[in-house]
Amino acid sequence: MAGRFVPRTTAVPRQEPGAGPGDASAAPRTRTWTPQGPLDLRLVLSPLRRGPADPAYRALPDGTFWRATRTPAGPGTLRVSAAHDGRIAAAAWGPGAQWLLDGLPALLGADDTPDDFRPRHRLLALTQRSRPGLRLLRTGLVMESLIPSVLEQKVTTDEAYRAWRLLLRTHGTPAPGPAEGDFGRYGLYVMPDARTWSLIPSWEWHRAGVDAKRSATILRAVRVARRMEEAAAMDLPEAMARLQLIPGIGPWTAAETLQRSNGAADAVTVGDLHLPGIVGHALAGNRNADDEEMLALLAPYEGQRHRATRLIMLSGHTPARRAPRMTPRDIARL
C-alpha cells in the first residue's frame with residue numbers, strides 16, 4: 001500500500017512579548033533629533049539593506065525608512081524620516097524601542113568625523129563635495145551585521161540575499177508595531193536570537209542555499225554571541241581580533257561587520273573580489289590591482305580608508321565589466 005502523503009509545513013515565526021500584529025495598535029515612543037550639518041538618510045542607512053526585499057529593512061518612496069532589529073532590550077522597530085527643517089523624526093515600537101531611540105544619533109553618524117578626511121585625489125574631493133550628507137552609521141550591534149556578512153562569503157549577492165530573506169521569514173519574529181502600507185506582500189521581521197539560530201536544522205540551511213562551511217561559522221559565532229557583541233565597544237584592532245577568533249571569520253567578514261556595528265572609518269574590506277580593481281581603477285587607472293596595491297593607494301587615507309572606498313563607490317567611476325558575472329549555485333536542488 002502506498003505511503004500516506006504528508007504535506008510539507010513551513011515553520012511559523014515564533015511570537016515574542018511585545019512583538020507582531022498583536023502590538024500593532026500600541027503607541028510608539030518618539031524622538032526628534034537635529035543633526036549638525038547636512039544628513040542624507042538614504043546614504044547613511046543604505047549599508048543596512050541586504051537586498052531589495054530585506055525583511056528587516058524598508059525604504060519607502062516618501063523618504064521614510066523602517067528598520068527591524070534585535071536590541072539588548074529585545075526586538076524593536078524603528079521608523080525614521082527627515083523633516084523640511086532638517087530635523088530627524090523617529091518612532092519606535094517593541095521592547096527595544098527606547099534602546100533604538102537612545103542610539104538614534106549614533107546610528108545616523110553623530111559620532112562620525114567626516115571633517116577628518118582630507119582628499120588627496122580629485123575624484124574623492126569632487127565626490128565628497130557632491131555628497132555632503134554622507135555619514136558612517138554605527139548600530140552598536142555586532143551579530144546583526146556579522147551573520148549576513150558570513151552569508152555573503154564567496155557567493156553572489158543574490159544568493160546571500162535570498163538566504164537572509166528565507167532564514168528571517170522562517171525563523172525570525174514579526175517586527176513590533178504597525179505593518180504600515182503592509183510593505184507589499186510581506187511585513188518586517190526581526191532576526192532570530194542566538195538560541196534560535198543554533199536550533200535551525202541542517203536541511204533548513206540547505207534549503208536556504210547556505211553550505212555547511214558558512215552555516216558552521218554562524219553556529220560557532222552564535223554560541224559566543226555575547227562575546228561577539230562586546231566588540232561593538234572596542235577600538236578597531238581589538239574588535240577585528242575578537243571577531244577573527246571564530247574559525248571561518250576572516251578580515252573580509254570582520255571589516256564588513258565593523259563598518260556597520262562600530263562605524264569603523266578605517267575598516268578596509270580586504271579579500272574582496274572586486275574592490276581592489278575598483279580602487280585601483282579610480283585612483284591609479286589600474287583595474288587589475290590586488291589587495292596589496294589597493295592598500296598602498298589608500299595609505300594616505302589611513303584612519304579614513306573605509307570612507308575613501310565609500311566615496312569611490314559613490315563616484316560611479318568603476319571599471320566596465322569584462323568578465324561574466326559569477327554563476328549562482330543552487331545547492332537547495334542538490
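Reader: Let's start inside. Which element gives the most to the lining of the second largest cavity, and with how many residues?

Author: Keep in mind that this is a predicted model. To read a cavity, ask who lines it and then what kind of residues they are. Here β3 gives the most, with 3 residues. Two elements, β3 and β4 (74-82), each give two or more residues to that lining.

Reader: Which residues line the second largest cavity?

Author: The lining is made up of Leu45, Tyr57, Phe65, Trp66, Arg67, Leu78, Val80 and Leu107. By class that is 7 nonpolar, no polar and 1 charged. The space in there is about 50 Å³.

Reader: How many cavities of 30 Å³ or more are there?

Author: The count comes to 4. The largest cavity has a volume of about 160 Å³. The elements giving two or more residues to its lining are β3 and α5.

Reader: Which element gives the most to the lining of the largest cavity?

Author: That's β3, with 4 residues. Among the 14 lining residues, Leu48, Ala56, Ala68, Glu144 and Trp164 lie nearest the centre of the largest cavity. Its lining divides into 7 nonpolar, 2 polar and 5 charged residues.

Reader: Now the open spaces. What is the volume of the second largest pocket?

Author: About 400 Å³. Read a pocket as you read a cavity: take the centre, then the elements, then the classes. Of the 19 residues lining the second largest pocket, the ones nearest its centre are Arg70, Thr71, Pro72, Ala194 and Glu229.

Reader: Which elements each supply at least two residues of the lining of the second largest pocket?

Author: Four names to find on the model: β3 (65-71), α5 (143-151), α7 (194-199) and α10 (225-229). As for classes, the lining of this pocket has 11 nonpolar, 3 polar and 5 charged residues.

Reader: While we're at α10, is Arg227 buried, partly exposed or exposed?

Author: Arg227 sits in helix α10. Arg227 has 46%, so it counts as partly exposed. Its C-alpha atom is separated by 9.0 Å from that of Leu243, which is 16 residues away along the chain.

Reader: And where does Leu245 lie?

Author: In the loop between α11 (236-243) and α12 (251-261). Leu245 has a relative accessible area of 63%, which makes it exposed.

Reader: Let's do a whole helix. Why is α13 largely enclosed by the rest of the structure?

Author: First, the general idea. An α-helix has 3.6 residues a turn, so residues three or four places apart point the same way. Now the case here: α13 (residues 275-284) is largely enclosed because 8 of its 10 residues are buried. The buried ones are Leu275, Pro276, Gly277, Ile278, Val279, Gly280, Ala282 and Leu283.

Reader: What do the buried residues of α13 pack against?

Author: Three other helices: α4 (122-130), α14 (291-298) and α15 (305-315). Look at the residue just after α13, too: Gly285 takes a positive phi of about 70°.

Reader: Let's zoom out. How many helices and strands does the protein chain have?

Author: The chain has 15 helices and 7 strands. Buried residues make up 49% of its 334 residues. The accessible surface comes to about 16700 Å², and carbon and sulfur atoms hold 53% of that.

Reader: Last one: what does the pLDDT of the protein chain average?

Author: It averages 90, and 86% of the residues score at least 70.

Note on methods: Residues numbered from 1 in each chain as written. Predicted model: local features only at pLDDT ≥ 70, side-chain atom pairs only at ≥ 80, totals over all residues. Heavy atoms only, no water. Buried < 20%, exposed > 50% of the residue type's maximum accessible area, 1.4 Å probe, protein only. Contact = heavy atoms within 4.5 Å. pLDDT = per-residue confidence, 0-100. 1 Å grid on protein atoms, 1.4 Å probe; cavity = no way out; pocket = protein on both sides within 12 Å on 5 of 7 lines; lining within 4 Å. Points joined across faces, edges and corners; volume = space filled by probe spheres on them. Nonpolar A, V, L, I, M, F, W, Y, C, P; charged D, E, K, R; others polar. Areas by Shrake-Rupley, 256 points an atom, 1.4 Å probe, with all protein chains shown as cover.
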